[in-house]
Amino acid sequence: MSNTELKNIALLIDADNTTPQGIDPVLTVMAELGQVNIRRAYGNFAKDNLARWDKITNKFGIRPQQQFDVSKGKNATDMAMTIDAIDLLNQGKVDGFGIMTSDSDFTPLVTRLRQDGILVYGFGEAKTPEAFKSVCTRFIDIKQLIDTYAADKSGDSASADAHTSEPLDQDLLELITAAYSEASRDEEGFARLQQVGQIAGNRSSFDVRNYGFKSLSDLFASLDNFKVKRQDKQVYVKRLR
């Protein structure tokens with residue numbers, strides 16, 4: 001991607017509901033969308049449980065947005081983060097968002113951003129409510145992302161390929177099979193992988209990294225009932241049975 005094509009991306013972090021360990025791999029993923037020029041973390045950093053964010057914010061150029069608890073059992077983090085996101089949207093200078101949280105309270109915010117055609121990547125724990133996962137353009141399991149990123153950095157191929165010893169999630173298998181069935185195919189039965197991915201993405205917020213794969217082509221290559229072919233700088237897939 002050339003510098004003239006780089007999009008302006010905002011990463012907003014709910015520090016109360018995510019881990020600072022995920023910042024590095026999350027920023028790597030967000031580079032797919034463009035340049036992450038806006039980086040903000042929201043929370044009451046006077047609390048002991050947020051002390052780890054001190055060095056992280058300095059290391060990655062993240063601007064801490066201090067939000068003191070307005071009353072016992074309540075905090076202003078969600079409201080401040082939502083207001084900032086809508087302000088950025090209305091300024092018209094942001095092309096995509098990354099939202100780091102496992103809190104379903106941000107579901108209406110993501111829905112609103114998507115209505116304006118804005119790409120939104122969500123990063124949270126596997127237990128994140130489905131309501132939030134489903135409205136994101138992509139939802140990525142942050143623990144899986146951290147583990148995969150660590151394995152790649154250490155060169156631990158055994159960890160990186162751990163998914164090969166486990167059966168693929170049945171819902172995911174049904175999703176990609178249905179997407180292949182809906183895609184245009186040539187006389188030999190091959191469909192462009194890019195189109196298959198687009199169809200699957202329109203029906204679900206899934207991301208192959210949640211299952212330990214680096215790319216959609218890697219996922220299809222692991223399946224016995226699909227064949228992957230590369231031709232003229234394109235990747236094609238064909239269902240064998």
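Is Arg40 buried or exposed? Arg40 is buried, with a relative accessible area of 18% (buried means under 20%, exposed over 50%, partly exposed in between, with a 1.4 Å probe and protein chains only). This is a predicted model, where local features need pLDDT of at least 70, side-chain atom pairs count only at pLDDT 80 or more, and totals for chains, interfaces and linings use all residues. Residues are numbered from 1 along each chain as its sequence is written, and side-chain values use heavy atoms, leaving out hydrogens and water.

The structure holds six salt bridges (a side-chain nitrogen of Lys or Arg within 4 Å of a carboxyl oxygen of Asp or Glu). Among them are these:

| Pair | Closest N to O |
|---|---|
| Asp84 and Arg40 | 3.3 Å |
| Asp207 and Arg209 | 2.7 Å |

Asp84 sits in helix H3 and Arg40 in strand S2, so their pair ties together parts 44 residues apart in sequence (helices are DSSP runs of H or I with at least four residues, strands runs of E with at least two, numbered from the N terminus). Asp147 and Lys143 are four residues apart in helix H6, about one helical turn; Asp147 is partly exposed at 38%, while Lys143 is exposed at 57%. Asp207 is buried at 4%, and salt bridges that share partners join Glu32, Asp207 and Arg209 into one network.

Now for the sheet. Three strands form an open, antiparallel sheet in the order S7-S9-S8 (two strands pair if DSSP finds at least two bridges between them). Six bridges join S8 to S9, and Val228 stands opposite Val237 in S9.
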